[in-house]
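Colleague: Could you take me through one part of this model slowly, as if I were new to it? I'd like a close look at a single pairing of strands and then at what surrounds it.

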Amino acid sequence: VHTSRQALLRDGETVLLRIRTTPVRSDADRETTVEWRVGTPDQVVSALQVALAAWPKAGTLSVWSTSMNAFGEDGVPKAGISPHTPIRFDVEVVPL
């Protein structure tokens, strides 16, 4: 975890998440930007919810996840993520 944020994330606060998603068995990655309302369930995969809650001051995080806590048995075929694929997420938290 790398951190440059000074303020804690607060429930209800909206932040911008810049997420690079990389399947562990691949060099291909995908970047997405998501507005995330802190504390709102099911907006991001469980691996990211847990990591962001554990490091509320983090400015950037690298999160390695099993498929169960990422995209599971379905994967995301449109994004090139096969079922049962472990994922690395590199996340930048940007206050709005």
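Predicted model: local features only at pLDDT ≥ 70, side-chain atom pairs only at ≥ 80, totals over all residues.

Modeller: The strands β3 and β4 run antiparallel, and six bridges join them. Zoom out again and you find an open sheet of four strands, in the order β2-β1-β4-β3, with antiparallel pairing. At its edges sit β2 (30-37) and β3, each of which pairs on one side only. From one strand to the next, the twist averages 25 degrees.

Helix α1, made of residues 46-54, lies across β1 (14-23), β2, β3 and β4. Against β3, helix α1 runs at about 135 degrees.

Next, follow the chain from β3 to β4. Between β3 (60-65) and β4 (87-95) there's a loop, and Pro83 lies in it. Is Pro83 buried, exposed or partly exposed? Its relative accessible area is 39%, so Pro83 counts as partly exposed, because that label covers values between 20% and 50%. Which residues does Pro83 touch, leaving aside those up to four places away in sequence? They are Gly72, Glu73, Asp74 and Gly75.

Technical notes:
Residues numbered from 1 in each chain as written. Heavy atoms only, no water. Helix = DSSP H or I, 4+ residues; strand = E, 2+ residues; numbered from the N terminus. Buried < 20%, exposed > 50% of the residue type's maximum accessible area, 1.4 Å probe, protein only. Contact = heavy atoms within 4.5 Å. Pairing = 2+ DSSP bridges. Axes fitted to C-alpha atoms, helices over the stretch in contact; angles between N-to-C directions.
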